[in-house]
Amino acid sequence: MLSKNQARLFFLGGTVLFFLIFLFLSANTLSSGIPEKTHSENITEEVANGKQLFDENNCMGCHTILGEGAYYAPELTKVIDRRGEGFVKAVLTSKTPWTLSGRKMVAYGFSDKEANDLIAFFKWIGYMDLNGFPPKPDLKKE
Amino acid sequence: MKYKSQKVAYMFFALSMVLLVLQIVYGFIMGFAHAGFDGLHEFIPFNTATATHKNLLVVWLLSGFMGAAYYIIPEESQNELVSVKLALLQFWSLAVVAVVAVIGFHFNWWEGRKFLEIPRPLDYLVVVNVLLFLGIILLTLFKGKQQTTTALVLSMGLFFAALLYLPGMIDFNNQSVDSFFRWWVVHLWVEGVWELIMGGILAYLLIKLTGVDRELIEKWLYVIVGLTFLSGILGTGHHYYYMGAPEYWLMIGGIFSALEPLAFLGMALFALAMYRKGEKNHPNKIALYWTLGTAIMSFAGAGLLGIAHTIPSVNLYTHGTLVTAMHGHLAFWGAYGMMVLAIIVYAMPNLTGRKLYDRPGAHYAFWLSNIGMVGMTTAFAAAGVAQVYLERKVGMSFMDAQKAIEVHFWVLIGAATLFTIGVLFFVSNFFKHGMPSDEAIEADS
């Protein structure tokens, strides 16, 4: 039967081994994987500003982006494709809560530049290779 | 209780109770908003409610873990805490940081990163706070007469939980890199080092409640935490499927996520086996309920419901939907919520000398909260599956699909009401114990 020392060895050995594999894969992902898949060379100053605005206002507290966030408001990964720049800009710059589709969005009243930065951020996100996400609705009747 | 300094644990447990109730209030605000009633939008918009709900969860669990450590470590190491004054300072600073963070969320002061919304200046305070906590615990442990496996596993979990907070504090311009490291914190916490904390507390409770030989329990503790890391570390991959990381994570995350329930299954089987083997008839039966309950519910919530949507071909459709909320609720409740409540139920009579464990309220608390949470999980499951089908398969717009599933949120609110009544029984029972007392020392432990 397994002794306590063997059990300890299983715990420590397994943990170290799998952590090293994880570190190796992470290094690969960060050095070449993510930069290629996300086209990190396209992160301009506008995109970076847009991301900062996205964080500072906790947009992820209602929306999802890359499928991550809260589930109260629409997924934003392909929002520019879906809605077009003009619509998105109208929502972002609105001085009153946006309620077109039933739920209220906080009226951030972003400036023209801020809205453009956020749109640049969404465009950059929209071009990422996400391994097939979001999926095409395969039962949709055209 | 054997050591005076164990009384510090009471403060942390009391904070846990208050924050748990507050967390539930914000949960209701979100539930009603989903059902179409967002009357508080002007004061508490949804993103404020969700940041508050999630962070209160993290803080009440951490406060519970800290209380558990202050209670368990003196007994396990046979040594008074090195400084009660510093422990109290650590307590008050934790409470202040939590309150300031929650108030900040109501004034757009945060970082929009799920689970890690606490703004950066407060992050530094969290780090100082946790270092102080670890200093007290580790000094007490290593100055003590013995270092048991249970105490070492618990301390190791607390230490690595602190260390893993740091990757979440680095800034990145790339959303995917940001997300990559955010999961180092969140995933490696809940599906990694927090399981060490859970395993440590579980082992301690089983030793006390069943009377089974420590050597046997601690041997299986190693096996279980070994399984946790064997599956959980590379299981992080299930967060990397569709966020801009390479495709190999689909295979690696898929395989190792499928192994993740093993650790929880191991924990459940282990707890039940020790219960059957145990000959000690401990009078605190309700503590045993919570202890076995956490082992079983964590397997259901974290294990089974986890694997239900980490299969890559399923996750392609369920990623970013209410299916995640289904898994999240039962997993956090089963694995960590119930664990904290188990140690509280066990410790309170020993801290105060008042043995209130046979009161009907203690049993209502257990059954109502658990039945309520299973009901909530079912409501989330129905809403989530319908959302996936309507939005991701049929191609309905987000809001049309949300309107179609509104009814499930009324079921959710109903089940949550039951859950809340259970929790209120628990909290009321907690405060009925009164304050800890030195007279309880050396009483039954």
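What follows is a short tour of a predicted model, with chain B as our guide.

**Stop one: chain B as a whole.** Select chain B and switch to a cartoon view.

**Stop two: the inside.** Stay with chain B and think about what is tucked away. Of its 445 residues, 60% count as buried. Now look at who touches whom: among contacts with a separation of 6 or more, 83% join residues 24 or more positions apart.

**Stop three: helix α9.** Select residues 285-307 of chain B, which make up α9. This helix has 23 residues and reaches 32 Å from first C-alpha to last, close to the 33 Å expected. Where does α9(B) bend? Click on B:Ser298, and you'll be at a bend of about 30°. Because 19 of the 23 residues of α9(B) are buried, the helix is largely enclosed by the rest of the structure.

**Stop four: where the chains meet.** Bring chain A back into view. The contact takes 57 residues from chain B and 58 residues from chain A. Several helices of chain B supply at least two residues each to its side, including α1 (8-34), α2 (46-77) and α12 (360-393). Select α7(B) too: it gives the largest share of that side, 11 residues. Color chain B's side by class and you get 27 nonpolar, 18 polar and 12 charged residues.

Methods: Residues numbered from 1 in each chain as written. Chains lettered and ligands numbered in written order. Predicted model: local features only at pLDDT ≥ 70, side-chain atom pairs only at ≥ 80, totals over all residues. Contact = placed C-beta atoms within 7 Å. Helix = DSSP H or I, 4+ residues; strand = E, 2+ residues; numbered from the N terminus. Nonpolar A, V, L, I, M, F, W, Y, C, P; charged D, E, K, R; others polar. Expected span 1.5 Å × (residues − 1). Bend = angle between axes of the 7 residues up to and from the residue. Buried ≥ 20, exposed ≤ 12 C-beta atoms within 10 Å, placed from the backbone.
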